[in-house]
Structure formats: structure tokens, C-alpha cells
Amino acid sequence: MYRDKPQSAFDPGGFFEFDLAEGAVRVRGGERVLVLSSDVVAPLVSAAVRNGDLTAVRKLGRDLGGAAGQSLGKPNEARAEDVLSAAADVLSLFGWGRLRIERWGDALVAHVDGLPALDDDHLGVAALLGGLFSALADREVACVPASEGGTFLVVDPSVAQQVWKWSRNGENVPAIVSRLHVPEEA
Amino acid sequence: MSAGRVAKLEALLQRIQHNRAASPAPQARSTNPFGVARPAQEDLVRARAKLAPVARPEADDFESNTYVGVGPMAAQLLAAGAQKPVAPTPTISRPDSGELEIEHTYRGPGPSFLRTPSSPLARDGDSGELESEKTYLGVGPQGAEPEAEISISEPSADDVEITFDDEGDEVSIEAEAATSSMEAEAFAAEEAFDAEEHEETYEAEEPEAPTAPVDLRAPAPEPEEEEEAPAPLQARPIPLASAPASGPVARAVSKPRRTEPATFGELLHRTLALRPR
């Protein structure tokens, strides 16, 4: 599957358009964005975590996924390497760290190196990644923080609460993956 | 001092005086035959060396084995009253009886060795009384064994002991003689059998006559023809026909079951299908 070195189809050149006359920053798709420091975003994310509503952060992730999928056509029919490479490039472009993907059997484990310190449990980044993969897969996807820092398990939203419990109990990624299986009817 | 010894001394003094008169003292020379001056001390040393006493045997005093110095210096010393040096007289002890006693102990390999007439041991008169004939350690009918040890020891000039010993059993002389005769008869019988049964006749084959005259001379070498220098080796390619490219040479008749997801949608579908056990 990973025989060839993936070539990302995402071109970061000219992705941001700074309109100084208008005083606006727009991305390639024309959507307006704000340039904020992590110190400003961190308390906002922490507040959203305490309130239990990370919809705004998830919405940001969907926007990033949409930006990555523009160069891929139909991401579900594209090679996984190309899709994941584009997602990693877009995430890096917005300053959310560098994304890596691992396969543990049928499970996918995302690693984000250099992620911003927004909240203690990295629930803000988890919501961002969930929105990103949901936009690419065109279906709802949840990312659950694991016990290891910067590690997230990509799961169906229906099992996200159970996986989160296992992770809060201190179980690492191999232990959680061993608790999961593909049902026969699936 | 006896009168004979005094007479010898007087005769010796006379000869010394005679020798001294015949050989005058050397004259010191200051030059050598090449005209090169040499020190007088060297001539003096040479003169003293010539005057040194030389020991020579006295002919009439040979029996006493006494050697007396007869040089001029000794004569002077004797004239001055010095005592004549006397060399130590060597002594040779001889047996008083003059008969050589030899004790022999024989442990010979067999009676033939002891009965050799020319052997001095047999002519000693004791051969008839040798106990070896009765007590020697026999070595079997075939003679001495290879591992038998023979040692001859001479503890002194007069005593000679010859010891022959081995680890075999003692065999009497009569038994050995009987066994030897039996073996000789058996050997003679075997030789006769071989001569009768396996007699072979060898006849010299006549050499075949040569069918062609043999020329001992080597044939004259034929004149060699001048050969042209060989051409240097060059690579000659072998033309190979190649099949025209007409399409795929293999056709897949079955495809293996795909186990790895090929697209991002398939990969994510398997991941989202995971459920708790």
C-alpha cells in the first residue's frame, strides 16, 4: 500500500490571499479566515471543552478537509496516501502541527507532532481532526485522544464514548485496538 | 747419596760445561738484517730464552723415568750448590703374579655361540665348566627374538661380563635342538612340495625380427614454410532473431483476493466498522 513515496497533490503556493486594501485574508476557496495566536485560541477551545460543545472547532476541521479535498476530486476513490498527504499539508499550513497516520490492523491511529497546547486532553485537536476526516470521507468520523500525547484513534462516532473511557482508564493504543473487532455482519 | 748417583752428577756436569763452551753467549745487535734499529732489550730476551734450561731425557737414566734439565743455567745453579730438581717419578702398578684373571659369566643365546673354537672365552680352559650351558635363558628354536636385550658390561680391565637376557621362557638345549631339527624337516618337505606341484618352466622368447629397416638416424627436418602472422582476434557477433512485439505474453486468468484497501474510502470504511468486542 505504501510502496511508492506519496506525492501530495496539494499546492500551498498562493493558498492565502492577503488583501491589505480590504483588510481581509482569504483562502483559496474564497473563505475568509482570521489569523490568531495560539494563546488567544487556547482559552476559547478550553471553554468549549468545558461546555461540551466543540462544534465550532469541528467546523474548522471540515473547512480544512474541504481545502485538502479540492485537489483530489473524490477523496473516497483516491489513494489513501494521496488523501492523507493532502490532509497533512493543509493541517500544517494552518499551523496545527504535522499529521502522521498509522495502521493497527483495521484501525487508524493519527499522530500530530507539534500540536498547539489548547486543552489538557487535546479534545480541541480531536474535534478538528474529526471534522477534517469527516469532510474527506463524506461521513461522520470521530477522533478520540489516546493516553499517549498527540495520538488519536479514528473511530465511528457510535463507539467514540467507549473508546474514550478506555483511554481515560490509562489503556494505550494496542490495548484499545485489541478491544475492537469487525463484526461478522459487517 | 750413593756413589753411582754421584758419578752420574759428575758426568752431567761435564756435559754441561762442554755444551756451554760450544754455544757462546749471543752478541747483542742493535740492527736487524734490514737495517731497522731494534731495541737491545729484545735481543736480551732472546738471549735469555736461548739460555733457558731445556728438559731432555737422560739415556742412561731411562729406567728410573727421571728427566733432568741440562741447560747452561741449570749447570750454573748446580755449580753454585743448588739442589738438583727431581721430577716426580711416574709409577705403573703391575700385578705381582703376572697372570691375568678373567672371570666370565655367560648367558649366551645358545650353545653355538659358546662353543666357537676361535673364541678366547672357549680357549680359556673354563669352557667345560661354564654354567651357561645349563642355566642360560633360552630364546626359542628360531633364535634370539627381536626384542631380546644384549648387554655387555666391563666393570674393569680384568673383569668382562657378557649378559644376554630376554623375557622368554627357559628352553633347554636339547629341546631347542629337537625343535630346530623338526623345523628343518618341515621346511625341506615344503620346498619339495613346491618343486613338485608348482614347477614352472621359463623359456626365453626369441625376439621378433624387425619387419622394416630401422633407421637410427633422425629424419632430416623438412623446410618449414613461412606462415603468415595470424590476424588478431576480433569479436564476431552472432545475429539473433528477436520476436516482434505483438502484445502481452501473459494473461491473468484469476485475480487474488484483495486484502489491502486501495482507496481512502475503503480504508476508512474498515476503520469505522470496528466495534467493541
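Reader: Let's start with one side chain: what is the relative accessible area of Asp63(A)?

Author: For Asp63(A) the relative accessible area is 26%, so this residue counts as partly exposed. That class sits between buried, under 20% relative accessible area, and exposed, over 50%, with a 1.4 Å probe and protein chains only. Before going on, a word on the ground rules: this is a predicted model, local features need pLDDT of at least 70, side-chain atom pairs count only at pLDDT 80 or more, and totals for chains, interfaces and linings use all residues. Residues are numbered from 1 along each chain as its sequence is written, chains are lettered from A and ligands numbered from 1 in the order in which they are written, and side-chain values use heavy atoms, with hydrogens and water left out.

Back to Asp63(A). Its side chain meets that of Lys59(A) in a salt bridge, 3.1 Å from N to O. The rule for a salt bridge is a side-chain nitrogen of Lys or Arg within 4 Å of a carboxyl oxygen of Asp or Glu. The two partners share helix α2 of chain A and are four residues apart, about one turn of the helix. Helices here are DSSP runs (H or I, at least four residues), strands are E runs of at least two, and both are numbered from the N terminus. Lys59(A) is partly exposed too, with a relative accessible area of 43%.

Arg58(A) forms a salt bridge with Glu140(A), and the closest N and O atoms are 2.8 Å apart. This one links distant parts of the chain: Arg58(A) is in helix α2 (residues 55–69), while Glu140(A) is in the loop between α4 (123–137) and β6 (142–145), 82 residues away. At 22%, Arg58(A) is partly exposed, and Glu140(A) gets that label at 41% relative accessibility. Arg62(A) joins in as well, and together with Arg58(A) and Glu140(A) makes up a network of salt bridges.

Arg26(A) is partly exposed at 29%, and Glu22(A) is partly exposed at 49%. Over all chains, the search of the whole structure turns up 12 salt bridges.

Ser46(A) counts as buried because its relative accessibility is 19%. Apart from neighbours within four places in sequence, it touches Leu118(A) and Asp119(A), contact meaning heavy atoms within 4.5 Å. A polar atom of the Ser46(A) side chain lies 2.8 Å from the backbone oxygen of Leu118(A).

Now zoom out to the whole of chain A. It has six helices and eight strands, in the order β-β-β-α-α-α-β-β-α-β-β-α-α-β from the N terminus on. Of its 186 residues, 46% count as buried. In chain B, buried residues make up 17% of 277, and that chain has seven helices and five strands.

Finally, the place where the two chains meet. The contact takes 33 residues from chain A and 17 from chain B. Together they bury about 2,200 Å², with 67% of it on carbon and sulfur atoms; buried area is the accessible area (1.4 Å probe) that two parts lose on being put together, summed over both. On the chain B side, Phe264(B), Leu272(B) and Leu274(B) lose the most area, together 33% of what that side buries. Two salt bridges cross this interface by the rule. One pairs Arg275(B) with Asp156(A), with 3.9 Å between the closest N and O atoms. The chain B elements that give two or more residues to this side are α7 (264–272) and β5 (275–276), and α7(B) gives the most, with eight residues.

Definitions and conventions:
Polar contact = N/O pair within 3.5 Å; in protein donor to acceptor, adjacent residues only side chain to side chain.
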